[in-house]
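Visitor: I am new to this structure and would like a close look at a single part of it. Please take me through it slowly.

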Amino acid sequence: MISERDTEKIFHELSQLKDSDLEREVRARLLRRRSTLLFGWGRDEDPCDVFVDAFEGRNGDWPLLLRVCASLALEWGKSVESVAFPEGVGELHYLCARIGALDARPGIADTIVRVDFRGVLLPSGEGVQLRALRSLAGLLAISRAEEFARYIGLYEEALTTPQHLPISLVTLLAFRPRRRDMYVERAQKYWPAHVEALLPTLDRDVEFLKSLMRPTELETSSS
Amino acid sequence: MSIGTFVTPANGFSSREIAVLTQWCADLGSDDALKLIQRNFDRECLRKDIPSVTLRDFLRDVAAGYSGSSDPLDVIDQVLRNNRPAYAVPGSRLAAASNLNVSRVVRADQLLKHHFLKLPVPTNLKNFVSGLQNGTFVASDMVGSQMGRADLPIWVCRADILPTTADTCRDERGLKHIDRGHLIELNYPVRLTPKGLHAPTTLDGCANSADNWIFAKRGVTGGGPDWGHTVNLATSKPGVDEAVHNSFTIDASNVGKITLKYIGPITCSAPSIDFTNLQSSI
């Protein structure tokens, strides 16, 4: 245990870890288990913060972290046990999105369609599946344009859930702008009051997602 | 060791509990950082910031879970983890004016993550930060989210003492874990908090993990309930007054009272704490 937090030292030590050791550290941190390497959490610190910061500290040049996170996302997307640790799952999806772990997309998608994750909340009150939809949308923004076709059904289906409607509509309109009227009409059919409340900022949020679109190059480097 | 004046048969502790807690307290003295936690518990026992029955229950839970061979911090984490509702924001309520405004400082990425639930999670926060700076993203976007989380205290300071730079803000508020990113202030009146402000306690200081060192219990014996104070990271001396409150839902009825302010970018790592200086000055 390092009693005084030395961030640069931690970043360096993390970056030296081999596959299985890094996987162990990521898993332990996300599940709020103590480890021999990492310090405890600061007041409002979330489990994944240290990895996001370390990744940015390396200017995104940490392919092993991308692989480890994607692999965990695939594992937890399938594992029935993962519903028992929603915070870890939500943190992992957020981490994958922040570092651009494109290979995590199928694992995140698995979480979105799992019946046992319906209504499961993160400690902040956000639904696990909403976090997954938001994280996947961020990853799709940096994916090849045609990738969205694989996941469009998830967002169309999510329009039927009021909590998921805003991110779903934003994502659908950003990736399929020509179908705007159709999607807005469909959403209004399900949840008219929710759509009404959403309209004043809808275009702004769609533009925000569009502004993140930076396809292709990351896809190659992480695959 | 002041904890010894509280952990007595008269306060309901058995001889076994007294022996275990004496050992636990001694084990907390093995390095400077642990000594701070030890001192925090000592001071908690001497003050009136927390109902004595809550402190007694906590220490009895520690006694039940601790063996001399285990990590003295692990047992704190276990007790808090296993009894979240009982030990969430356990301090006594402060007599704070309901129209007083408080401020909570968070990183921009946590603001997006926990409050802007309509937005995707981006790889790059640049456009989100720009939107906060130019007023494109505002407090009303936070409707439907929760201020803080139910199982952890929310730390706030008076809103009229916000420093001008992010680095200074981080240092004065003792936000030791923040080395990167951009800081944002959430400013709101105390009346939005469901149970008002509470005195920060050592249990709050350990709530996210017991080796979250940078909490220094106010030292006046017998006082309380009072505001606590942060540890100024730059000086290892008392920073600004702080208190805690419970989480609350941000909805259409209260969001108009919340304002967001972009403070600025963090430009350097948090300074190292001088524990010797801290122990002598706080």
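Visitor: In the hairpin of E5(B) and E6(B), which residue takes a positive phi, and how many residues lie between the strands?

Guide: Please keep in mind that this is a predicted model. The residue is B:Ser236, which takes a positive phi near 60°, and the hairpin of E5(B) and E6(B) has four residues between its strands.

One of the pairings can be found at B:Asn232, whose bridge partner in E6(B) is B:Lys237.

With strand E1, residues 101-107 of chain B, E4(B) runs antiparallel, and seven bridges join the two; here B:Asn101 has B:Pro189 of E4(B) as its bridge partner. With strand E8, residues 259-265 of chain B, E4(B) again pairs in the antiparallel sense, over six bridges, and B:Leu186 stands opposite B:Leu260 in E8(B). As a general point on strands, side chains in a regular strand alternate between the two faces of the sheet.

For a view of helices, turn to chain A, where the axes of helix H2 (residues 19-30) and helix H4 (residues 63-78) come within 10 Å and cross at roughly 60°. That angle makes H2(A) oblique to H4(A), and the crossing in which H2(A) passes H4(A) is right-handed. The residues that make the contact include A:Leu22, A:Val26 and A:Leu30 of H2(A), together with A:Leu65, A:Val68 and A:Trp76 of H4(A). By class, the contact of H2(A) with H4(A) has eight nonpolar residues, five charged residues and no polar ones.

Also in chain A, helix H11, residues 192-212, holds A:Ala197. A:Ala197 has a relative accessible area of 61%, and is therefore exposed. Its C-alpha atom is separated by 9.8 Å from that of A:Pro166, a residue 31 residues apart from A:Ala197 along the chain.

Note on methods
Residues are numbered from 1 along each chain as its sequence is written. Chains are lettered from A and ligands numbered from 1 in the order in which they are written. This is a predicted model: local features need pLDDT of at least 70, side-chain atom pairs count only at pLDDT 80 or more; totals for chains, interfaces and linings use all residues. Side-chain values use heavy atoms; hydrogens and water are left out. Axes are lines fitted to C-alpha atoms, for helices over the stretch in contact, and angles run from 0 to 180 degrees between N-to-C directions. Angles under 35 degrees count as roughly parallel, over 145 as roughly antiparallel, 65 to 115 as roughly perpendicular and the rest as oblique. A crossing is left-handed if the near helix is turned anticlockwise from the far one by less than a right angle, and right-handed if clockwise. Contact means heavy atoms within 4.5 Å. Ala, Val, Leu, Ile, Met, Phe, Trp, Tyr, Cys and Pro count as nonpolar, Asp, Glu, Lys and Arg as charged, and the others, Gly among them, as polar. Two strands pair if DSSP finds at least two bridges between them. Buried means under 20% relative accessible area, exposed over 50%, partly exposed in between (1.4 Å probe, protein chains only).
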